[in-house]
Amino acid sequence: MNERLARDLEREIATDPRTNELGIRVEVRSDHLVVSGEVASEERRATVLEVVREHEPGRDIVDHVMLSAEPGPGGPGHEQIDPAERS
């Protein structure tokens with residue numbers, strides 16, 4: 001039952017349009033859930049945890065979700081290329 005619940009929650013996180021996160025793992029441990037993985041922003045982490053709470057209200061959640069070290073497109077370390085300059 002615990003494995004099934006964990007997989008169901010992972011599927012919800014992966015398919016919920018607010019998250020669409022494939023790299024999140026859930027473990028069921030006695031009376032609490034451990035949510036781990038990596039996301040791009042603090043907002044995304046909060047949304048992942050919100051999805052879990054919606055499907056398992058009342059369960060304690062241990063948050064091991066980390067922020068990605070990779071900057072997103074347009075962030076530091078990414079060069080913006082003007083399409084007119086491509087030739």
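Does E10 count as buried or exposed, and at what relative accessibility? In this predicted model, E10 has a relative accessibility of 11%, which is under the 20% cut-off, so E10 counts as buried. E10 is placed in helix α1. Leaving aside neighbours within four places in sequence, the contacts of E10 are I24, R25 and V26.

In general, the strands of a sheet pair through backbone hydrogen bonds, and the pairing is either parallel or antiparallel. Here β1 and β2 (residues 32-39) run antiparallel and are joined by five bridges. Across this pair, E27 stands opposite V34 in β2.

From its first C-alpha to its last, the 14 residues of α2 reach 21 Å, close to the 20 Å expected at 1.5 Å a residue.

Within α2, the buried residues are R45, T47, V48, L49, V51 and V52. The elements that cover them include α1, β2 and β3.

One of these α2 residues, V48, also belongs to the largest nonpolar core. In soluble globular proteins, nonpolar side chains tend to be buried together. The largest nonpolar core of this model has 15 residues, and those touching the most other members are I13, I24, V26, L33, V35 and V48. At least two residues of this core come from each of α1, β1, β2 and α2.

Which residues does I24 touch, not counting those up to four places away in sequence? They are E10, I13, V35, S36, G37, E38, V39, V48 and V65. Among them, I13, V35 and V48 are named with I24 as core members that touch the most others. The list also leads back to the opening residue: E10 of helix α1 touches I24, and E10 is buried at 11% relative accessibility.

Methods. Residues numbered from 1 in each chain as written. Predicted model: local features only at pLDDT ≥ 70, side-chain atom pairs only at ≥ 80, totals over all residues. Heavy atoms only, no water. Pairing = 2+ DSSP bridges. Helix = DSSP H or I, 4+ residues; strand = E, 2+ residues; numbered from the N terminus. Expected span 1.5 Å × (residues − 1). Buried < 20%, exposed > 50% of the residue type's maximum accessible area, 1.4 Å probe, protein only. Contact = heavy atoms within 4.5 Å. Core = buried A, V, L, I, M, F, W, Y, C linked by side-chain atoms within 4.5 Å.
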